[in-house]
Amino acid sequence: MIKPVLLLCCAGLACAQDYKLEAITAAPTGVPAAYASLLDSKGYRVSGPSGPWCEIWFRKSIPAGAKSSDPSITLPITQGTFLGIMRFPGKGADRRDQTLNAGIYTMRYSNYPVDGAHQGVAPQRDFALLTPIGNDPDPNSTPDFDKLVAQSKTSGTAHAAVFSLEAPSGTSFPALTKEGDHDWVLAVKVGDLPLAIIVAGAYQG
């Protein structure tokens, strides 16, 4: 059972549709030992108008890969790298507004391909793909794009379960801010690597 949390800080929470950020002061339960040893013991809870939305624990540090020469790839992370876990206490949804069942998911890094099917989904190609943790037994594996997509579809979704990643716009961590009309972005520093993930809000295409 997760211990009480400490409210961090999120300004401007006047609207009923706003989200807030809390720090979780204990490691997650129900996570296989191979994953638990890699995770930071401190996590983040994002709550919305209906209560807790998701909980995230990043790994202690994310191995850095080579910086891509593609300007649409913002993070120096190798394909398939394990980033952390995301837990939905109730029904969740990804960037495509696909429904995700309550439970614990691994987050792995990937880039969407340059093809017509993905044109315009985001200005950057960095994404986290989610997989139910029971279907992703090895945190040290780095599945290629096709394998990771197939693995992520075991979430019960028609497409891979995806969350947008980007470089943080600010230098204060952790922070939860609204981006545009619908998106809520969690910015953190994982080891030496700053990154941001859109935790709530579906792509408006």
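Is Tyr-105 buried or exposed? Select Tyr-105: with 4% relative accessibility, Tyr-105 is buried (buried is under 20% relative accessible area, exposed over 50%, partly exposed in between, with a 1.4 Å probe and protein chains only).

Some ground rules before moving on. This is a predicted model, where local features need pLDDT of at least 70, side-chain atom pairs count only at pLDDT 80 or more, and totals for chains, interfaces and linings use all residues. Residues are numbered from 1 along each chain as its sequence is written, and side-chain values use heavy atoms, leaving out hydrogens and water.

Now the rings. The whole structure holds six aromatic pairs (rings of Phe, Tyr and Trp, the last by its six-membered ring, with centres within 6.5 Å; planes under 30 degrees apart are stacked, over 60 edge-to-face, the rest tilted). Strands are DSSP runs of at least two residues, helices (H or I) of at least four, numbered from the N terminus. Phe-88 is buried too, at 1%. Bring in Trp-53 and Phe-163 to complete one aromatic cluster with Phe-88 and Tyr-105.

Next, jump to Thr-154, in the loop between helix H2 (145–152) and strand E10 (161–166). Thr-154 is partly exposed at 39%. Beyond its neighbours within four places in sequence, Thr-154 contacts Thr-131, Pro-132 and Asn-135 (heavy atoms within 4.5 Å). Finally, show Gln-151, whose backbone oxygen lies 2.6 Å from a polar side-chain atom of Thr-154.

Methods
Polar contact = N/O pair within 3.5 Å; in protein donor to acceptor, adjacent residues only side chain to side chain.
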